[in-house]
Amino acid sequence: YMVMKMKRGYSDITNHPWARNILNALYAKGIMTNLFGDSFGTDDRISRGEFATLLVKGLNIPLNYPKDGDHNKSSFQDVGPNARTETWSYEYIETAARAGIVTGTSEGTFSPYMPITREQAAVMIARALKLKLAVNDEKLNATLAKAFVDSGSIDVYARPAIQAVNSAKIMTGSPSTLPGQKKPVYSFNPKGFMTRAEAGKITVEMLKNSTSL
C-alpha cells in the first residue's frame, strides 16, 4: 500500500482564514491539485471544467462516457475524448453532462476554461443534488429579497437554484454590517466568480454525504 501525504505545504492554504483543513484534505487525496508551482491557487477563479469535475467526484458519480472514443457521441465539441488538464478531464465533464448537471454555454460548446460565477455554480449544484426548486414567481423574488440585499442582480433562471442551495446551507451569502445597523445584511454576489476555496468547501460537504473523507 502507499501512504499519501503532502510533500510540501502551500502558504495560501496554510494562511487561509477558513479553508486550510478543507483544502489540505482534498489535496492529500488527489481530489484537487495545485495551480502553480509555488501556490495552490486558493482564491483563484475556478473554471467550469474543474467545478464540473469536483461535483462528479464529490458525489461519487460513476463515470459515464463513450468508451470507444467516438467523438460524435460526446456532448460537447470543445471537450473531446482526449481533453484533459491538471484540474479537469473529458471523462468527468461528459459524466456531468449525461447526469444532467451541466449544459453548454452555447450549442455543442461547454467552455471548460471559462470561470464560473456563483449563480452558475448554484444551478449546477441544485441539479447535481436534485434539490427541490421553488416556482419562479413573485413570491420567490420576495423571499430572495429578504435573504439578500443584491437579489435584484440574480438572473431569473438562477433564482430557484439559489434559493434551494441557500436553504440547504450549501451556498450562503456574505454578511456585512451597514453604518448605524446592528444586524448584518447578506449579499449572494451572484455575478462574482467562485473561488477554488469555495468550491473545495462544497466538495467536502458532498463527500461527507457520499463517503468518508
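**H2 against H8**

I looked up how helix H2 (residues 20-28) sits against helix H8 (residues 196-210) in this predicted model. Their axes come within 9 Å and cross at roughly 75°. I therefore noted H2 as roughly perpendicular to H8.

Next I asked which residues in H2 and H8 meet. From H2 I listed Ile22, Leu23 and Leu26. On the H8 side I found Arg196, Ala197, Gly200, Lys201, Thr203, Val204 and Leu207. I sorted the residues of this contact into six nonpolar, two polar and two charged.

**Aromatic pairs**

I then searched the whole structure for aromatic pairs and found seven. I wrote up two of them in detail.

Tyr27 and Phe40 came up with ring centres 6.1 Å apart. Where in the chain do Tyr27 and Phe40 lie? Tyr27 is in helix H2, and Phe40 is in the loop between H2 and helix H3 (48-58). The two are 13 residues apart, and I recorded the pair as a link between distant parts of the chain.

Tyr27 has a relative accessible area of 19%, which is under the 20% limit, so I put it down as buried. Phe40 is at 0% relative accessibility and therefore also counts as buried.

I also noted an aromatic cluster: Tyr27 and Phe40 form it together with Tyr10.

The second pair I looked up is Tyr65 with Tyr90. I have it as edge-to-face, with 6.1 Å centre to centre and 75° between the planes. Tyr65 lies in the loop between H3 and helix H4 (90-98), and Tyr90 lies in helix H4. They are 25 residues apart, and this pair too links distant parts of the chain.

For accessibility, I found Tyr65 at 21% relative accessible area. Tyr90, at 2% relative accessibility, counts as buried.

**Asn141**

Last, I looked up Asn141, which I found in helix H6 (residues 138-147). Which residues is Asn141 in contact with, leaving aside its neighbours within four places in sequence? I found Asn136 and Arg159. With Arg159 I also recorded a polar contact, made between the side chains of Asn141 and Arg159 at 3.1 Å.

Note on methods. Residues numbered from 1 in each chain as written. Predicted model: local features only at pLDDT ≥ 70, side-chain atom pairs only at ≥ 80, totals over all residues. Heavy atoms only, no water. Helix = DSSP H or I, 4+ residues; strand = E, 2+ residues; numbered from the N terminus. Polar contact = N/O pair within 3.5 Å; in protein donor to acceptor, adjacent residues only side chain to side chain. Contact = heavy atoms within 4.5 Å. Axes fitted to C-alpha atoms, helices over the stretch in contact; angles between N-to-C directions. Parallel < 35°, antiparallel > 145°, perpendicular 65-115°, else oblique. Nonpolar A, V, L, I, M, F, W, Y, C, P; charged D, E, K, R; others polar. Phe/Tyr/Trp six-rings, centres within 6.5 Å; stacked < 30°, edge-to-face > 60°. Buried < 20%, exposed > 50% of the residue type's maximum accessible area, 1.4 Å probe, protein only.
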